[in-house]
Amino acid sequence: YDEIKSLGVDEIYCLSVNDAFVMRRWGLSQGLEEDKTPGSLGFKKVKLLPDGAALFTRGMGMSATWEKERGFGERSWRYSAVINDMKVEKLFIEGGGVFQDYGPDPFEVSDAGTMVEYLKSVA
């Protein structure tokens, strides 16, 4: 978190196709410190964004289902992005694209390390 912020990033968000209650419990289980200030987004550092109806996810073209593979409905494919002045500056998509009912669950390019390397390269 601190290294990414030191590279000029204003905020760090984690979005999931889930509801706010699940996102809060997940944040707590990850050890995030709650921000109980009225109007806050729930946590002091990484902000967790529920996308319960998958509207943002669909808009990004990242909607995926794992009905047969995992028994899930619609979810977000794993990716990370730099959004600068409301424009997608860089997008790291796992597996190179969105796959439906996909067996593997790749986590190779949407990680913090890849993001840090990118941010250093453009600093």
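1. A residue is called buried when its relative accessible area is under 20%, exposed when it is over 50%, and partly exposed in between. The model discussed here is a predicted one.

2. V88 has a relative accessibility of 45%, so this residue counts as partly exposed. Its place in the fold is strand β6, which covers residues 87–93.

3. V88 also belongs to a nonpolar patch on the surface, together with F56, I83 and L91. The accessible area of these residues together is about 340 Å².

4. What does T57 touch, once residues up to four places away in sequence are left aside? The contacts are L15, V17, D51, M62, S63, R75 and S76.

5. The largest pocket holds about 1900 Å³ of space. Its lining is made up of 49 residues, and those nearest the centre of the pocket are Y13, C14, L15, Y79 and S80.

6. Several elements give two or more residues to the lining of the largest pocket: strands β1 (13–16), β2 (47–50), β4 (74–76) and β5 (79–84), and helices α2 (20–29) and α5 (112–122). Which of the elements gives the most to this lining? It is β5, with six residues.

7. One residue links two of the points above. L15 is among the contacts of T57, and L15 is also one of the residues nearest the centre of the largest pocket.

Technical notes
Residues numbered from 1 in each chain as written. Predicted model: local features only at pLDDT ≥ 70, side-chain atom pairs only at ≥ 80, totals over all residues. Heavy atoms only, no water. Contact = heavy atoms within 4.5 Å. Patch = residues over 30% accessible without salt bridge, like charges linked within 9 Å, V, L, I, M, F, W, Y side chains within 5 Å. Areas by Shrake-Rupley, 256 points an atom, 1.4 Å probe, with all protein chains shown as cover. Salt bridge = Lys/Arg side-chain N within 4 Å of Asp/Glu carboxyl O. Helix = DSSP H or I, 4+ residues; strand = E, 2+ residues; numbered from the N terminus. Buried < 20%, exposed > 50% of the residue type's maximum accessible area, 1.4 Å probe, protein only. 1 Å grid on protein atoms, 1.4 Å probe; cavity = no way out; pocket = protein on both sides within 12 Å on 5 of 7 lines; lining within 4 Å. Points joined across faces, edges and corners; volume = space filled by probe spheres on them.
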